[in-house]
Amino acid sequence: MGSDMSLKVTQRVSYRRAIRQRPVTRYWLQTVGVGVVLLYIGTLFGIGDVDAANLCPLSESVDISNGTQDADGTIEHDGIRYSPKQYFQDDSSIVRGCVCLIRQCLHICCPDGIPEGEPCPSGDLNVNFTMSIDGSVHDTRNLRDNANYHFLYFKPQCSGSLLTLYGDEYILRSDSVLAYGQTMYDPRHYCLQSADPLAYAGYCETVDAYAMHRMYSIGILISLPFLVATFVVYALLPEMQNIPGKSLMCYVAALSVGYLLMALMRFNVFSYQSNWCIASGYLVYAALLISFFWLNVMAFDIFWTFGGSRGRSSERRKFLYYSLYAWGVPLLIVGFVALVDNTEFVHESMRPQIGMERCFVSVEKLIGFLYMYLPMLLLVTANVVFFAVTAIRIYRMEQATASALSGDSRRHTKYEKDRYRFSLYLRLFIIMGVTWTMEIITFLVGESTWLIYLVDICNCFTGIFIFLLFVWKQKVKQLLLKRFGFNQAVPGRNDHNTNSTISTTRTTDVKTTVNAETRLTDVTHGN
């Protein structure tokens, strides 16, 4: 179900007052007196003509001035006969027939830019149609083939914009009532739009169904400054710009772009099927993929750190390899998706259709799984393997090298820093990995589950969690004070080894033998 804009609902509030009885005789005299006055005023202003003027809304009438009138007052126009109680004269003395009193009127949703009332280009209106009240038995019918319908080319009156139903989400009854689950909408509260294979329906929701979408957008926008602050802090501090720091910066940058555009989508900033809608869909898709791949890089990097490298490469070259992977592979996937979406390379039913049904990948489950959730699932699985293997290696190393490390304070300090970095990344993965895992689960079981709200809450706090994990630290505070010339800052408890823990990382060569030279990566994420 898509949306242009959610609707606002005004709740009527009742007030309780003390009831004071009034004399019955006085009450009836007042009532009769008011009635006489109203009747007199009505006679002066011609209330007798109101019934004729209110036979039907002006928008549901047609000009029948050119019709043929019989002796009994019946007017025939375009094959429809209007009795005297089915037509009236408007303020311009034009005779108008209430066509909706004779035919079943259906509103047609015309694209923006077409004046209301003018027929808009429209193809077949195929709908799931039922003759039964409960809709248990239905078939597909083209409403254009039924002469009993009259089409009104304007949207129904709503307090806001219309919410959209896809053709398989509703059933049209023979009395023109639209059934959406247990909710029924009369013809004045929905409109139809041609689509293949089944027509869309825009309906007036009686509750603000998209209030949660706006709250989600606000939550993401609140989290966004923390992501930006994390990126800025790492950009300002050269000491933090080793491989772990640069990887985090890339991850946070991609996540920031993705979250910003997702929030704008939830606010319905981009028009349906507009160029901005399509462009933002591809950008969000790319940004989310890039963030997944950079999280995968961080998981692999810590796995490689504790796995022992077979050969050495410079930090610059190592980060170049990481960048080619984490930026290049997502861009290749996006390029492939764009190719598939805009050519005849695959069947239309298997295309991602970004920007068509909504400003993102199609809501069709198979399409969403292939293009979005399958890459996510593979990367989350790989991250689980990396962290599990790393945890096992750390445990074994602690058992094998405990005595050696205790005798060498320098190596012990480096080891503690690497293990602390592992704990940081593990917490980051738990925050993001579990969130995206629940996202996959809710996608498979349906968004009606309560898990979707838990996922949204986690997404809203992601920026805050990352900021607290990687920025809100005493050492980072000291580096910022030093960066801006406040050297008189009081050193923290670990200030004596700041230089060693902030220095540029080296390729690690961790062995399980006690006598081997143990080189562990110096990292910036100390306490």
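Reading cysteines and a sheet

Me: At 8% relative accessibility, Cys-56 counts as buried. What does buried mean?

Reply: Buried means under 20% relative accessible area, exposed means over 50%, and partly exposed lies in between, with a 1.4 Å probe and protein chains only. This is a predicted model, in which local features need pLDDT of at least 70 and side-chain atom pairs count only at pLDDT 80 or more, while totals for chains, interfaces and linings use all residues. Residues are numbered from 1 along each chain as its sequence is written, and side-chain values use heavy atoms, leaving out hydrogens and water.

Me: How many disulfides does the structure hold?

Reply: In general, a disulfide is a covalent bond between the sulfur atoms of two cysteines. Here a pair counts if the sulfur atoms are within 2.5 Å, and the structure holds four. One of them links Cys-56 and Cys-98, with sulfur atoms 2.2 Å apart. Its S-S torsion is -85 degrees, a left-handed link. The two cysteines are 42 residues apart: Cys-56 is in the loop between α2 and β2, and Cys-98 in the loop between β7 and β8. Helices (H or I, at least four residues) and strands (E, at least two) are DSSP runs numbered from the N terminus. Cys-98 is buried, at 0% relative accessibility.

Me: Which cysteine does a disulfide join to Cys-109?

Reply: Cys-191, with an S to S distance of 1.7 Å. The torsion about this S-S bond is about 80 degrees, so the disulfide of Cys-109 and Cys-191 is right-handed. Cys-109 lies in the loop between β8 and β9 and Cys-191 in strand β16, so parts 82 residues apart in sequence are tied together. Both cysteines are buried.

Me: What order do the strands of the open sheet have?

Reply: Two strands pair if DSSP finds at least two bridges between them. The five strands of this open sheet follow the order β10-β9-β13-β14-β15, with mixed pairing. β10 (138-142) and β15 (183-185) are at the edges with a single partner strand each, so one side of each has no neighbour in the sheet. Within the sheet, β13 and β14 run antiparallel and are joined by two bridges. Leu-172 stands opposite Leu-178 in β14.
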